[in-house]
Amino acid sequence: MSAAPRVVVVGAGEAGARAAMALREAGHVGEVVLLGAEAHAPYERPPLSKAAIVDDEPAFPAIAAAADLAGRGVEHRRGATVVAIDRAAGEVALADGGRVPYGRLILATGAEPRRLAIPGGEHALTLRDWGDAARIRRHLAPGARLCVIGAGFIGLELAASARARGCAVSVIEPLPRPLVRAVPAPLAERLAARHRAEGVDLRCGIGVASIAVERDGEPFTIALTDGTTLGADLVVAGIGASPRVELAKAAGLAIDNGIAVDGAMRTSDPRVFAIGDCASYPLALLDGRRVRLESWRNAQQQGERAARAIAGDEPGVAAPSDAVPWFWSDQYDLHLQIAGLPDGAAPFVERPLGDGAIMLLQAAPDGRLLAAAALGPLGAVARDMRIVETLIARRARPDMAALADPATKLKGLLR
Amino acid sequence: MAGNWVDACAAGDIDQEDVIRFDHSGRTFAIYRSPDDSYFATDGLCTHEQVHLADGLVMDEIIECPKHNGRFDYRTGAAKGAPVCVDLKTYPVKVEGGRVMIDLG
Ligand SMILES: Cc1cc2nc3c(=O)[nH]c(=O)nc-3n(C[C@H](O)[C@H](O)[C@H](O)COP(=O)(O)OP(=O)(O)OC[C@H]3O[C@@H](n4cnc5c(N)ncnc54)[C@H](O)[C@@H]3O)c2cc1C
Ligand code: FES
């Protein structure tokens with residue numbers, strides 16, 4: 001019998017850290033080396049646009065303390081940036097010239113915020129890591145003027161957090177409404193209305209032409225495509241992120257909107273896995289269609305899935321994943337949850353949830369429940385969303401009229 | 001030592017396989033009724049981000065946090081995996097004369 005292989009994980013974020021810990025839970029006895037470019041213990045990113053902006057001295061949202069990792073026999077190296085993968089030798093090369101041999105390799109490199117491709121676009125900050133959040137927070141004194149470019153999740157959460165700090169906030173979105181791709185229109189419109197009621201100057205259907213610094217005493221002057229300008233003390237771009245695939249691409253691994261993996265997170269090289277924001281995988285829920293998700297639970301689940309495949313030495317190509325995509329966002333006291341991947345063009349059934357919350361549900365033509373999204377106070381949204389997510393996972397074909405009726409207790413549908 | 005038993009609610013106030021929130025002297029607790037009709041009590045806030053567990057879903061012996069679905073065994077308080085890693089504190093419970101009493105120690 002050969003010894004258990006050494007597993008090297010590249011990227012100590014949500015997916016990489018979970019994979020390293022899950023390897024032990026899955027019974028892997030070989031070495032685990034977690035290589036992370038950042039100088040910190042692994043931490044959660046969702047608080048970066050929420051508590052890490054709102055609080056003056058936010059708690060560091062550690063996923064695992066150094067002691068937890070060491071206790072599980074995970075060797076975490078901070079400030080260790082991988083610059084190349086040598087698949088023939090079974091090694092990765094580090095920026096400092098070191099080389100680390102692997103038996104199995106897990107790529108968990110995450111995604112890189114997109115930069116604005118306009119004159120002066122480099123003056124807009126982006127929000128991806130703990131250092132970014134600290135830098136942005138330092139500029140957000142009460143009364144400071146923040147201009148957010150892009151009304152996606154991170155931009156809208158940052159806008160809500162900056163309002164909580166007493167800043168004046170404008171949000172510029174080139175599309176006709178916020179969150180066009182991810183969120184059903186009725187919920188996105190409710191969110192937009194709430195931002196406006198909170199005093200956010202949310203402008204949709206307008207692009208940004210350029211950003212100038214230190215002009216006429218203004219720290220930043222943002223020229224919009226309708227010919228108007230806006231002054232600001234800080235500009236942050238939240239216009240999405242691209243998967244970090246350069247290492248995988250240079251090593252000749254298959255790329256398809258992210259590092260392409262099978263349902264067990266295995267790349268085109270059976271010794272190399274990819275997980276989290278950098279990976280695209282086939283989803284059984286969508287009949288095997290390949291998707292790349294940027295979500296916290298996705299990162300965790302893929303880390304755990306890769307760990308099981310490695311610890312169990314699973315052979316062959318795995319079937320599409322039976323995971324149900326799940327995402328949440330917090331803005332003011334509103335909690336948004338999405339299960340499945342809602343299709344904005346297909347019809348929804350609406351279920352009122354109490355406390356002003358609503359849920360929208362979507363079924364496939366064959367009656368299979370496909371997706372749901374709900375918005376409102378956490379207490380009004382969470383239980384029903386969890387039950388509906390379970391129904392989606394079970395491929396249930398519930399009576400949609402019954403789902404829409406608030407008198408129907410959803411928990412009964414689980415039995 | 002004599003306990004510090006507090007009357008929390010009527011036994012019938014909690015549905016089977018469900019949970020309610022109970023606030024007492026500035027603290028918050030969660031009180032559970034299991035599918036086989038036993039009662040349990042834990043601290044009321046999730047150990048991940050301080051959210052009220054009573055808004056979560058009870059399934060068998062598990063309470064799932066409403067926010068990120070962290071799971072605890074409400075009988076022992078044991079955290080059952082990511083993202084929760086710190087156990088919940090539990091409290092002794094007894095049912096007397098149709099009232100649920102919890103011992104806050
Ligand atoms: C501000 C913000 C708010 C969010 N809010 C939510 C939310 O509310 N709900 C939700 O579901 N999701 C949310 N997300 C998404 C979620 O955090 C991500 O999907 C998740 O972090 C992805 O995990 P990952 O491990 O794939 O990538 P990351 O967490 O980004 O980790 C990747 C790590 O790899 C390191 N790395 C990259 N290249 C190398 C290299 N060559 N060598 C060594 N290390 C390398 C990076 O430094 C980084 O530490 C949010 C994300 C952000 C940024
Ligand atoms: S707050 Fe309970 S799991 Fe995060």
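Trainee: How many salt bridges does the rule find across the interface of chain A and chain B?

Mentor: Keep in mind that this is a predicted model. One pair to look at is B:Lys67 and A:Asp330, whose side chains meet at 3.3 Å, N to O. That counts because the cut-off is 4 Å. For the interface of chain A and chain B, the rule gives four salt bridges.

Trainee: Which element gives the most to the side of chain A that touches chain B?

Mentor: Helix H8 (296-311), strand E21 (326-331), strand E22 (334-339) and helix H9 (378-393) of chain A each supply at least two residues of that side. The top contributor, with seven residues, is H9(A).

Trainee: Moving to strand E19 (residues 279-283) of chain A, which residue in the turn of its hairpin with E20(A) has a positive phi?

Mentor: E19(A) is mostly covered, with five of its five residues buried. Three bridges join it to strand E20 (residues 289-291), running antiparallel, and A:Leu283 has A:Arg289 as its bridge partner. Five residues lie between the two strands, and the one with a positive phi, about 55°, is A:Asp287.

How values were computed
Residues numbered from 1 in each chain as written. Chains lettered and ligands numbered in written order. Predicted model: local features only at pLDDT ≥ 70, side-chain atom pairs only at ≥ 80, totals over all residues. Heavy atoms only, no water. Helix = DSSP H or I, 4+ residues; strand = E, 2+ residues; numbered from the N terminus. Buried < 20%, exposed > 50% of the residue type's maximum accessible area, 1.4 Å probe, protein only. Pairing = 2+ DSSP bridges.
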